[in-house]
Amino acid sequence: MTAVTGRVAAAERGETRIADRVVAKIAAQAAKEAVEEPRADGASPRATVTVHRDAARVRVSLELGYPSDIGRQCGAVRRRVAQRVKALAGMEVPEVAVQVERLHPAGANAAHGRVR
């Protein structure tokens, strides 16, 4: 029987793998947080992710209010998604594609019981 004389470095003990679907949930939640006025009856943002090593490419589909600065809101979604995926999953996010699937007219939130 031989005695263990040295410690194994953390990087050599194994690896942590975060499933694509977990990163997609982080991205979808981050997109929801970034949208200015999400509709109470609107669909939540959805995300699909492709992970390769320590990088995640994200595609987010969402609904936005109209009229609004759509470009600014999409930029806010991209920044928030990249920041949250990096913070929570430790992955770089070189690409966040935002797809606006539907626009909701202004004032529709008030008609559905939501006060601005």
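**Entry 1: overall**

I began with burial: of the 116 residues of the protein, 31% count as buried (buried is under 20% relative accessible area, exposed over 50%, partly exposed in between, with a 1.4 Å probe and protein chains only). The model is predicted, so local features need pLDDT of at least 70 and side-chain atom pairs count only at pLDDT 80 or more, while totals for chains, interfaces and linings use all residues. I number residues from 1 along each chain as its sequence is written, and side-chain values use heavy atoms, with hydrogens and water left out.

I then looked up the surface. The protein exposes about 8000 Å², and carbon and sulfur atoms supply 50% of that area. Accessible areas come from the Shrake-Rupley method with a 1.4 Å probe, and for residues only the protein chains shown count as cover.

**Entry 2: secondary structure and contacts**

I found four helices and three strands. Along the sequence they follow the pattern α-α-β-β-α-β-α. Helices (H or I, at least four residues) and strands (E, at least two) are DSSP runs, numbered from the N terminus.

For contacts (heavy atoms within 4.5 Å), I took those with a separation of 6 or more; residues 24 or more positions apart account for 68% of them.

**Entry 3: helix α2**

I checked the length of α2. The helix has 15 residues and reaches 21 Å from its first C-alpha to its last, close to the 21 Å expected at 1.5 Å a residue. The expected span is 1.5 Å times one less than the number of residues.

Which residues of α2 are buried? I list V23, A24, I26, A27, A28, A30, A31 and A34. What covers these buried residues includes β1, β2 and α3.

**Entry 4: salt bridges**

Side chains of opposite charge can pair when their charged atoms come close. I count a salt bridge when a side-chain nitrogen of Lys or Arg is within 4 Å of a carboxyl oxygen of Asp or Glu. The structure holds five salt bridges, and I followed up some of them.

R80 and E33 meet through their side chains at 2.4 Å, N to O. R80 lies in helix α3 (residues 70–89) and E33 in helix α2 (residues 20–34), so this pair ties together parts that are 47 residues apart in sequence. R80 is partly exposed at 30% relative accessible area, and E33 is partly exposed at 39%.

E101 and R46 form another salt bridge, at 2.7 Å, N to O. This pair links distant parts of the chain, with E101 in strand β3 and R46 in strand β1 (residues 46–52), 55 residues apart. E101 counts as partly exposed at 42% relative accessibility, and R46 is partly exposed at 43%.

E95 pairs with R57, the closest N and O atoms being 3.3 Å apart. Here the link runs from E95 in strand β3 to R57 in strand β2 (residues 55–66), and the two are 38 residues apart. E95 counts as partly exposed at 37%, and R57 is partly exposed at 45%.

**Entry 5: nonpolar patch**

Which residues make the nonpolar surface patch of about 250 Å²? I noted Y66, V100 and L103. Patches are made of residues with over 30% relative accessible area and no salt bridge; like charges are joined within 9 Å, and nonpolar side chains (Val, Leu, Ile, Met, Phe, Trp, Tyr) within 5 Å. L103 lies in strand β3 (residues 92–105). L103 counts as partly exposed at 39% relative accessibility.
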